[in-house]
Amino acid sequence: MEETIVRFGKHGDVVGILSEGPRGKSNTLLILLNTASEHCTGVGRLYVKIARSLSDVLPVLRFDYSGNGDSPPRHGAKSFLDSALENTQEALDFCEKYFGGMKVLLAGVCFGGDTAYAAALKDERVIGIAMMNSYFFNYGIFPDLDNETYKTFKQRTYDGTHNLLGVYLKKIFSKEDWKRLISRQSAFSFGRLLRTITHYGRKKIFEGETVNIIEKYSNYFWKNLLDAGRHSILFYAENDDSYSFYKASIGKYRKSQSIKEGNSRTEVVQDEHSNWFLSQNSQEKLLKKIRTWVQERINSEIINEAEHD
């Protein structure tokens, strides 16, 4: 396996690391997209581990958004959202020039998942996306929510109100969770628990027109991916607040964990005990899930190409 520092973008100012190894018949590569604040090492060095563990299967590119890590900020009026999406499209252009006509998979944690979703709908070179603990607050997924409802919506999901009985009470009887708490490998927060108890029992905001909006954009979210022909997989750890958000929004009206339409499929993988980042065991579980997803996408592309030859 070899790792190379690369520069790309219109000014050559986006800095990334390309991990490569022997990859056989694969004509696919993976681009890892950061959260809004992390560097391309990823949370708990997760992206380093993903890139190196998959380099024997396909090339993996990870990079710093402009203004983060080793990539200097750009001057101009673009928002961070627009800049991150522009950087992602520049990464796609770089990979096309560097490798030729490769198929691309995008994967990202939190904000990186949002960016993967937005890029996949804009660029036909993207054949699949993996979103890990993503909220989808960005890129206009819920444009009809007024500011006050939107703020309340975010606050309640951050506080984990919808997941109180399903998470905190269950943890009391879990030996595994007590071990993680004692060994300081748990994401448990006493402040969050107090806020959750404070909010618990308040009148739900998902009523009337707001419910209609959430249902409308839940359907809109999934339909976009299916119509675009993208294979998507969403990874959620129950110990993360994003899972509460998923259940209260885009997952609220989803009847199945896996939906298939033509060659496109959307799938949700939820893990009951993991937080993906703070525990070595959780990271290893996620790495196995991502490797399985990547291998399935590669095999599917090989079959598709053979059928068209």
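The axes of helix α2 (residues 80–99) and helix α3 (residues 111–122) come within 10 Å in this predicted model and cross at roughly 60 degrees. Here axes are lines fitted to C-alpha atoms, for helices over the stretch in contact, with angles running from 0 to 180 degrees between N-to-C directions. Helices (H or I, at least four residues) and strands (E, at least two) are DSSP runs numbered from the N terminus. Helices α2 and α3 are therefore oblique to each other; angles under 35 degrees count as roughly parallel, over 145 as roughly antiparallel, 65 to 115 as roughly perpendicular and the rest as oblique. The crossing of α2 and α3 is right-handed, the near helix being turned clockwise from the far one by less than a right angle. On the α2 side, F80, L81, A84, L85, T88 and Q89 meet F111, T115, A118, A119 and K122 of α3, where contact means heavy atoms within 4.5 Å. By class, seven nonpolar, three polar and one charged residues make up the contact of α2 with α3. In this scheme Ala, Val, Leu, Ile, Met, Phe, Trp, Tyr, Cys and Pro are nonpolar, Asp, Glu, Lys and Arg charged, and the others, Gly among them, polar.

Salt bridges were assigned where a side-chain nitrogen of Lys or Arg lies within 4 Å of a carboxyl oxygen of Asp or Glu, and the count comes to eleven. One of them joins the side chains of D56 and R291 at 2.9 Å, N to O. Because D56 lies in the loop between α1 (46–54) and β4 (60–63) and R291 in helix α10 (residues 280–308), this pair ties together parts that are 235 residues apart in sequence. D56 is partly exposed at 41% relative accessibility, and R291 is partly exposed at 30%; buried means under 20% relative accessible area, exposed over 50%, and partly exposed in between (1.4 Å probe, protein chains only).

E86 takes part in a salt bridge with R74, with 2.9 Å between the closest N and O atoms. E86 belongs to helix α2 and R74 to the loop between β4 and α2, twelve residues apart. A salt bridge also forms between E86 and K78, whose closest N and O atoms are 2.6 Å apart. E86 is buried at 15% relative accessibility, whereas K78 is exposed at 52%. These residues belong to a network of salt bridges that links K10, D13, R74, K78, E86 and E90.

Residues are numbered from 1 along each chain as its sequence is written, and side-chain values use heavy atoms, leaving out hydrogens and water. As the model is predicted, local features need pLDDT of at least 70 and side-chain atom pairs count only at pLDDT 80 or more, whereas totals for chains, interfaces and linings use all residues.
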